[in-house]
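Have a look at it first, then read on.

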Amino acid sequence: MTATAAPVAPVAVAVPRARALTDEAPWVRRSLMALALAFMGLFLVLPLLAVFAEAFRQGWGAFASAFESSDTWAAVRLTLLTALIVVPLNIVFGVMAAWAIAKHEFRGKAFLITLIDLPFSISPVVAGLVYALLYGVNGWLGPLLQAWDVKVIFATPGIVLVTVFVTFPFIARELIPLMQAQGEQEEQAAIVLGASGLRTFWSVTLPNIKWGLIYGVILCNARAMGEFGAVSVVSGHIRGQTNTIPLHVEILYTDYQSVAAFSVATLLALLALVTLALKTWAEWQHEAQMRQAAALPPENPRAAEQAPAVAQAQRGAWARPAAAARPDSTPHPGAHA
């Protein structure tokens with residue numbers, strides 16, 4: 001008779017749980033958060049507080065007296081005028097450039113993208129010097145402009161030109177990746193259903209890109225009102241005529257009027273805060289729109305968003321006679337009997 005060995009009970013071995021790659025220790029997370037907050041406080045919040053502290057250092061009366069000067073209000077008017085001209089021009093250019101790049105394939109497309117990114121790689125001071133070389137009195141186009149009695153450099157047209165140059169990538173660069181990600185199926189469907197190109201743009205394309213467009217407009221306006229380098233080269237620093245708010249702040253500070261300089265600088269600080277608030281609001285709206293789209297069935301994730309646009313387009317351009325819509329539109333032989 002052979003002996004049968006008793007089964008051995010399995011021994012539980014404690015296996016250490018694998019640690020996720022992104023599961024840092026608590027002290028690491030706290031250190032990174034503290035470092036980020038310290039950086040923001042030192043380089044963003046503290047300078048902003050210093051502007052308001054210096055502006056009100058001598059009281060409300062000294063702060064208000066800085067805005068009693070006619071030169072200050074002339075700088076404010078010129079800054080607003082420049083923004084009112086530059087932003088609409090950039091909207092038109094940005095939408096057209098983004099449409100051409102995202103929706104079409106053509107020779108020279110990469111070169112056009114490079115030209116759009118050019119202001120990001122060139123110093124604004126260099127850009128101002130280039131425009132002074134082109135449109136100045138002794139520039140390439142200077143004699144022609146003098147013959148027509150047109151003044152560009154040391155005048156408002158020169159300020160507008162250089163501001164357009166340094167700001168035109170903002171809207172286009174916001175819309176190009178957005179349009180490329182959305183594709184062109186909706187536009188093609190609208191055209192197949194009979195909508196014109198203009199109707200397709202207003203009813204399909206524009207609702208899809210509205211938050212990206214708003215985001216780009218906010219950034220473009222902030223840069224246009226706060227541009228210093230290029231405007232400083234072509235303005236001539238003529239008080240009451242060609243000084244924008246940043247140039248006026250510089251002149252006040254170099255004249256040892258520090259309280260007045262910081263008082264006027266609060267306008268730019270408030271512009272930065274308003275820009276940040278509007279930027280955050282646009283991001284929230286865009287994220288809410290994306291969450292609503294993600295909650296829809298996967299076969300048509302943008303149906304709820306496009307329903308009003310499709311209905312509007314159907315009412316405007318896609319209506320057809322009822323007889324043409326029926327598959328059997330030919331009269332029956334006995335219909336007139």
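Before we compare helices, we need axes: these are lines fitted to C-alpha atoms, for helices over the stretch in contact, and the angles between N-to-C directions run from 0 to 180 degrees. Helices (H or I, at least four residues) and strands (E, at least two) are DSSP runs, numbered from the N terminus.

This is a predicted model, where local features need pLDDT of at least 70 and side-chain atom pairs count only at pLDDT 80 or more, while totals for chains, interfaces and linings use all residues. Residues are numbered from 1 along each chain as its sequence is written, and side-chain values use heavy atoms, with hydrogens and water left out.

| Helix pair | Axis distance | Angle |
|---|---|---|
| α9 (residues 169-182) and α11 (residues 197-226) | within 8 Å | roughly 160° |
| α3 (residues 70-103) and α8 | 9 Å | about 50° |

Angles under 35 degrees count as roughly parallel, over 145 as roughly antiparallel, 65 to 115 as roughly perpendicular and the rest as oblique. So α9 is roughly antiparallel to α11. On α9, the contact (heavy atoms within 4.5 Å) involves residues including F170, L175 and M179, and on α11 its members include I209, Y215 and R223. By class, that contact has eleven nonpolar, five polar and two charged residues. Nonpolar here covers Ala, Val, Leu, Ile, Met, Phe, Trp, Tyr, Cys and Pro; charged covers Asp, Glu, Lys and Arg; the others, Gly among them, are polar.

What about the other pair? By its angle, α3 is oblique to α8. Residues of α3 such as L78, I85 and L89 are among those that meet α8, whose side includes I159, V160 and V164. This contact divides into eight nonpolar, five polar and no charged residues.

**An aromatic pair**

Rings of Phe, Tyr and Trp (its six-membered ring) pair if their centres lie within 6.5 Å; planes under 30 degrees apart count as stacked, over 60 as edge-to-face and the rest as tilted. The whole structure has 15 such pairs. One of them joins Y131 and F165 edge-to-face, at 5.9 Å centre to centre with 65° between the planes. Y131 sits in helix α6 (residues 124-135) and F165 in helix α8 (residues 156-167), so to speak distant parts of the chain, 34 residues apart.

An unreviewed UniProt entry lists residues 30-53 and 259-282 among its "transmembrane region" spans. Residues 30-53 are 100% helix, with end C-alpha atoms 31 Å apart.

Technical notes:
UniProt positions renumbered as here; feature names shortened; annotations may be inferred.
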